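Open the model in your viewer and keep the selection tool at hand.

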Amino acid sequence: MRLLVLGGTVFLSRAVAAEAVARGHEVVCACRGESGEVPDGATLLRWDRDLPAPAELADTFDAVVDVARLPSHVRAAVAATPSAHWVFVSTVNVYADDATPGGGPAVTPLREPLEQDADWRSDPDAYGRMKVACEQIVRDGAASSTVVRPGLIAGPGDPSGRFSYWARRLPASDEVLAPGDPADVVQVVDVRDLAGWIVTLAEQRTAGTFDAVGEPMPIEAMLLAGDPGADLTWVAQSFLAEQGVEPWAGPDAIPVWLPRPEHDGMLAHDPEPALEAGLLLRPLADTFADTRAWLAATDGAPVTGIDAEREAELLAAWRQRA
């Protein structure tokens, strides 16, 4: 298979390129080449996607994998590769309902598409809406297509620093602040499992739309996968909000934690269709261990979230409140 990876230097797109090379495919990574190196064995085709598509893209690939968020970028790339099978990496942020567990393509309504490029950093809703538009561009323009909608992607190389917070924090010899309710449901998919499945979807030219998610589990089970003996102190969501602690990500956040019940469904999608279509999931303990090893070996690896001093302050305040 001759595979075009739009990207190929960072996290998921790089993992896809590396997996495809390992399987013996011819891999071309089209990107600016400024965010890192493409995997050994892949070819770099320099392309700033704000500029016209290079002639080398002209209808010579069996499959394309794209993780883009801007409709203009996807529109130009689809037009340049009309006979390829497309695997488009979307997001669960396309769904308009974050509250209902068990969601998925067949049951959960989508956000209104945003067909023009927008700054998703200043308008967070724009991210999911642009992805809805990108999905439709792929379905309308590609010879055949698969849309995968990941939730929280974890593992070595994660630029978001969300799961990395917990890989750094656990295992722990001290008291650990655990956010919210231990029964709150979360789900995580390892970047390498997702990448391997994406390559398989491209090889088989599988058509359809899937939520690319791991098994739903209580957040307590997630934390115990990182440290089975962890001394977890559960701190109420209302208290964290009073203290100005942010959910999900950021320097004053406890990552992966989401407010409930309005986000009960955000990390509780149905994984069965993806599993039936070939997604294989490794134990979460392995993802913890490998992420921890990557953090130890990588200077400046991104980790978001509160620091040890802030955590200690919160625990002391919680004990006083109790």
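Select Pro261, which lies in the loop between strand S15 (253–255) and helix H8 (272–276). Helices (H or I, at least four residues) and strands (E, at least two) are DSSP runs, numbered from the N terminus. The peptide bond that leads from Arg260 to Pro261 is cis, with omega near 10°. This is a predicted model, in which local features need pLDDT of at least 70, side-chain atom pairs count only at pLDDT 80 or more, and totals for chains, interfaces and linings use all residues. Residues are numbered from 1 along each chain as its sequence is written, and side-chain values use heavy atoms, with hydrogens and water left out.

Next, select Val256, in the loop between S15 and H8. Its phi is positive, near 80°, and Val256 is not a glycine. Val256 is buried (under 20% relative accessible area; exposed is over 50%, partly exposed in between; 1.4 Å probe, protein chains only), with a value of 1%.

Go to Phe11, in helix H1 (residues 11–22). Phe11 also has a positive phi, about 45°, and counts as buried at 15% relative accessibility. Most residues other than glycine have a negative phi, and most peptide bonds are trans.

Now select Leu170 and Pro171: the peptide bond between them is cis, with omega near 0°. Pro171 sits in the loop between helix H4 (162–169) and strand S8 (175–179).

Finish at Glu215, in the loop between strand S11 (208–212) and strand S12 (217–218). Glu215 is partly exposed, at 38% relative accessible area.
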